[in-house]
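Please read them alongside the coordinates.

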Amino acid sequence: MVAQFLGLKLRLLANIFRRSPIQLVGIIIGLVYGLGLAIVAVIGLVGLRFVDTPLAASITVTIGSVVVAAFLLVPLAFGVDDTLDPRAFSLFGVPTTRIAAGLAVAALVGVPALAIAVIAVAQVATWTRNPLATILALLGAVIIVVTCVLGARVSTSIAAFLLATRRAREITGLIALIVIVSLSPLVVALTAVNWQRDGLFVLSGVSDVAAWTPLGAVWSAPAEAASGHVGLALAKFAIAVVFAGALWFAWRALVGWMLVTPQREARTKRYSGLGWFASVPATQTGAIAARSITYWVRDARYHTSLVAIPIAPLIFVVALAVAGVPGSALALIPVPAMSLFLSWAIHNDVSYDHSAIWLHVASNVSGRADRLGRIVPALILGVPLILIGSPISASIYGDPSVLPSMIGVSSSVLLAGLGLSSVISARFPYPAVRPGDSPFAQPQASGTAAGLIQSVAFFAAIILALPALGLAALGLMYGGAWPTLSLLVGVVLGVVFLVLGVTWGGAIFNRRGPELLAFTLRN
Amino acid sequence: MAPPNAQAAGAGTPEGTPASALISPPRRPISLPRLPVNLPRFFTSVPRMLVKKRTAEAPRTEAAVAPATVGGSARENADPGIVLRVTDLVKRFGSTVAVDQVSLSVPAGTIFGIVGPNGAGKTTTLSMVTGLLRPDGGTVAVHGADVWSDPVVAKRNMGVLPDRLRLFDRLTGGQLLYYSGILRGLDAATVRARSHDLAVAFGLEDALGRLVADYSAGMTKKIALASAMIHSPRLLVLDEPFESVDPVSAANVTEILQRYVAAGGTVVLSSHSMDLIQRICDLVAIVVSGRVLAAGTMEDVRGAGSLEERFVELAGGRKTAEGMEWLHSFSD
């Protein structure tokens, strides 16, 4: 049985290489990246052999804990595609324990498992300092691999099973995003630490705590043995063994449960009336605008944009602040940057609809109406953002004369960017996360084209706003009439580019409707 | 197996080209409720019209039906009786020919069924008919307007239910109906009134406030059907309209379609259910490997047996279950 599962997993791995060349390049990059990390870790761990025991312990325990935590949490937050889902084997009538064991062993085949195995073996090199430490490190290597692989199995199945409902998937995606965002101050705080002076202190503080958790105990046990604390070493090793055992029983129980339980049913929410549709004109453009707004409000994929738009400029500002740029100058950044991200957010809007776009093709929706409707949510957010945000920014900057430039540059970026997105989403769609998938799920077959289109959409919007930006820069340097000129040029050019983009994008949409549908069907 | 009566004989196309479908009955007098039982009486009037242009050439397949040149009129596409005329439609995917010169003529006031085994090109054909997939060759005319050169008129006259395409499922059922209606150019009041009627007719009153994403497969099919009808098109093109729909709802849908046809509407549908096609369709085409192997009135195509028997025969016959004796000795 175990042999069959192993064979199946190997077959699945081999089949990865039978895909398109672009995907293959991505997979190879992933392989090189994963194994490269492992090799760096191996070099580090072997190097630690020649370092004092307390320092080596702090480093291995801290990094080891992070690695184990990653194995436990990453599948939960990002929803890994589980090809060996236990439920796939429910109809074969194999005893639960054998399925659980077979799948657990099969999980040992794969890049992450290989990487952790290499690291686990390498930490033996760090701790061959006395007999007990060597034995604990050797046994620990096995425990590390078992803990990581089983942990990933359990959390993958939980993600696939308990978080299977649409709402649960979307919520976990958002939670993951918020966690990442809230970690960024921590990262900033860590960069603020004077590592040369306090580094060791911080590190040993973290590792002292982590060493008593199941995440770090296994890494810490040989270190304690090397320092001569036999009792502590055995206690920590026991924690690690118990945790690995608990993971096995959790996995066994989860498999048993999954085999006999159907998909979780979602509770459905009821809405009344037509919502946004009731408050827009009953035209094609109006209906598409209402549909877009409804999606921005209801669809988790748009939520990630909504969360990222204010956050991304802030992270940028924080980074510049850490680098020593004065606060008043930083006040000029957020509003134009948010306008840029807002207009950029819809550059792949057609792909977000996936094959539902057939309705527009079959109804012969005019390309102009389609393009206009899709930019309405961005305008609803963007125009107030500019009108309210610009005065606030100008007052923080401390010079009201920058206000016209501020509005000019921001509107130029927003409007021209929306025009650009209107063209790009009709002409160069690339695979996006499908409706209902987790916002972090990797779209199948996203290749280098996606990255190229994203960058072009981003930087071309900046280039289109260069006239307004240049005039605003002159305004900052010389004052006078330059800011007013920046406002005029920015708004006029923005409107011109928007009209051009909508018209051109609309013509492309009219011409390529069936091709757009065929594109979405390929993904 | 000879055609049972004269109306199905004859093929005017040269050797090698597939037979095209042709049946052009006059508009059926409206009678509510129309039952399939009426059909034989009705079609007795057809042969006299068709005999006119029949050529002497032998049909390529026995069930082939003469091409559509009723009355020798030069204005083929403008023929008021023909709502959908598909001519020599071709679609290739790489080296495979998915649809190979399919020709169909669908007269007004009929339900036209397309049956075929899995992968026969039914969905591909219907996608090209509805303007969702660009054909490699051939023309599609809806009520005289070419779908690919005059899409505005052609698409206005068509209601579409595609198979296996997504809906805007983050909208509630009510919003999706409204959206479809407005995109089709209706005014708000009309859409609201029709949404209500459609919801009642399809038994979706309680579901209009829920997201389509949370619907069951059958309910999704029904809301999509309702969306296809909301602009009262002349022609409904429905791909697998009865798939995963429960029997009660299927009976409802059938009745809705039959009343629509009785009022002069036209339905083209595909299905795997031979019984259902045989029961509700006036005309039928059997498509295998992208070619029309038989087309005509239900009576002509099925001959003496059932449609299912005729279909299995044309689709290559059933594989006999020899060598499967082990299946009859059960393992424990």
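1. In chain B, S6(B) and strand S7 (residues 235–239) run parallel and are joined by 4 bridges. Within this pair, B:Val160 has B:Val237 in S7(B) as its bridge partner. Helices (H or I, at least four residues) and strands (E, at least two) are DSSP runs, numbered from the N terminus; two strands pair if DSSP finds at least two bridges between them.

2. This is a predicted model, in which local features need pLDDT of at least 70, side-chain atom pairs count only at pLDDT 80 or more, and totals for chains, interfaces and linings use all residues. Residues are numbered from 1 along each chain as its sequence is written, while chains are lettered from A and ligands numbered from 1 in the order in which they are written.

3. The open sheet of 6 strands in chain B has the order S6-S7-S8-S3-S9-S10 and mixed pairing. Its edges are strand S6 (158–161) and strand S10 (291–297) of chain B; each has a single partner strand, so one side of each is left without a neighbour in the sheet. From one strand to the next the twist averages 15°. Axes are lines fitted to C-alpha atoms, for helices over the stretch in contact, and angles run from 0 to 180 degrees between N-to-C directions.

4. H3(B) packs on this sheet and touches strand S3 (111–115), S7, strand S8 (266–270) and strand S9 (283–288) of chain B, with its direction at about 150° to that of S7(B). Contact requires C-beta atoms, placed from the backbone, within 7 Å. Helix H8 (residues 247–262) of chain B also packs on the sheet, where it touches S3 and S8 of chain B at about 140° to the direction of S8(B).

5. Chain B has an open sheet of 4 strands, ordered S2-S1-S4-S5, with antiparallel pairing. Strand S2 (96–107) and strand S5 (145–146) of chain B are the edge strands, each pairing on one side only. Strand S1 (residues 82–93) of chain B is antiparallel to S2(B) over 9 bridges; B:Lys91 stands opposite B:Val99, and B:Ile82 is the bridge partner of B:Pro107. The hairpin has 2 residues between the strands, and B:Gly94 takes a positive phi near 65°. Helix H3 (residues 122–129) of chain B lies across S1, S2 and strand S4 (137–142) of chain B, at about 120° to S1(B).

6. Is S2(B) mostly covered or uncovered? In S2(B), 9 of its 12 residues are buried, so it is mostly covered by the criterion used here. A residue is buried if 20 or more other C-beta atoms lie within 10 Å of its own, exposed if 12 or fewer, and partly exposed in between, with C-beta atoms placed from the backbone. With 16 C-beta neighbours inside 10 Å, A:Val318 therefore counts as partly exposed.

7. The contact between the chains takes 33 residues from chain B and 32 residues from chain A. On the side of chain B that touches chain A, H5(B) gives the largest share, 7 residues.

Terms used:
Two residues are in contact if their C-beta atoms, placed from the backbone, lie within 7 Å.
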